[in-house]
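Subject: Handover of a structure and the findings

Dear colleague,

Please find the sequence and the structure below.

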Amino acid sequence: MKKGSEKSASLKEAALRALDNAYAPYSNFRVGAALRTKDGQVITGCNMENSAYGLAICAETLAVASAVSQGLTEFDEMAIATEDSEPTPPCGACRQVLNEFAPKIKISSYTRDGQEAAWTLDELLPHAFVLHQSRGRIL
């Protein structure tokens with residue numbers, strides 16, 4: 001197995017383990033995420049729902065927030081795991097959160113039954129909100 005393939009397999013396994021910790025009693029749509037930093041650290045997250053729906057936290061955003069809280073802000077790959085029958089990309093809000101730190105990140109999605117898909121964030125979010133540095137405004 002190639003070194004890059006080993007890293008992706010390890011990230012996939014971390015996302016599947018995080019899936020086991022998901023708390024989704026309302027939607028029953030459990031998600032685990034694993035984020036690899038540029039220096040090789042793996043940070044995980046799982047979705048966490050709340051009866052006040054606006055307080056729910058997506059797995060992808062939780063993984064990014066956990067990494068940032070540790071001072072880690074450079075990411076190169078994310079794996080997402082679900083129990084759905086089809087690989088699931090991150091929601092729009094999570095795409096924007098990822099774009100803040102890693103606009104070129106590779107995102108792979110896996111299901112427990114072996115389905116998988118991969119995208120770049122550019123493919124999933126072609127017109128992201130970004131701060132236009134020269135004018136100091138959001139585009």
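This is a predicted model: local features need pLDDT of at least 70, side-chain atom pairs count only at pLDDT 80 or more; totals for chains, interfaces and linings use all residues.

Residues are numbered from 1 along each chain as its sequence is written, and side-chain values use heavy atoms, with hydrogens and water left out.

The nonpolar cores

A nonpolar core is a set of buried Ala, Val, Leu, Ile, Met, Phe, Trp, Tyr and Cys residues joined through side-chain atoms within 4.5 Å. Buried means under 20% relative accessible area, exposed means over 50%, and partly exposed lies in between (1.4 Å probe, protein chains only). The largest core has 21 residues, and those touching the most other members are L35, F75, M78, L98, I105 and I107. Two or more residues of this core come from each of strand 1, helix 2 (59-69), strand 3 (75-82) and helix 4 (121-124). Helix 2 contributes the most, with 4 residues. Helices (H or I, at least four residues) and strands (E, at least two) are DSSP runs, numbered from the N terminus.

A second, separate core of 9 residues includes L11, A14, L19 and A79.

The salt bridges

A salt bridge is a side-chain nitrogen of Lys or Arg within 4 Å of a carboxyl oxygen of Asp or Glu. The whole structure contains 7 of them.

R36 takes part in a salt bridge with D76, where the closest N and O atoms are 3.3 Å apart. Because R36 lies in strand 1 and D76 in strand 3, this pair ties together parts that are 40 residues apart in sequence. R36 also forms a salt bridge with E77, with the closest N and O atoms 2.5 Å apart. E77 lies in strand 3 as well, so this pair joins parts that are 41 residues apart in sequence. R36 is buried, at 8% relative accessible area, and E77 is buried at 5%, whereas D76 is partly exposed at 27%.

E83 and R112 form a further salt bridge, their closest N and O atoms being 3.6 Å apart. E83 is partly exposed at 42%, and R112 is partly exposed at 43%. Together with D20 and R30, these two residues are linked in a network of salt bridges.

The surface and one loop

Y23, Y26, M48 and Y53 make a nonpolar surface patch of about 470 Å². Patches are made of residues with over 30% relative accessible area and no salt bridge; like charges are joined within 9 Å, and nonpolar side chains (Val, Leu, Ile, Met, Phe, Trp, Tyr) within 5 Å. Accessible areas come from the Shrake-Rupley method with a 1.4 Å probe, and for residues only the protein chains shown count as cover. Y23 is partly exposed, at 44%, and sits in the loop between helix 1 and strand 1.

N28 is found in the loop between helix 1 (3-19) and strand 1 (31-37). N28 is exposed, with 60% relative accessibility. Although N28 is not a glycine, it has a positive phi of about 60 degrees. Most residues other than glycine have a negative phi.

Yours sincerely
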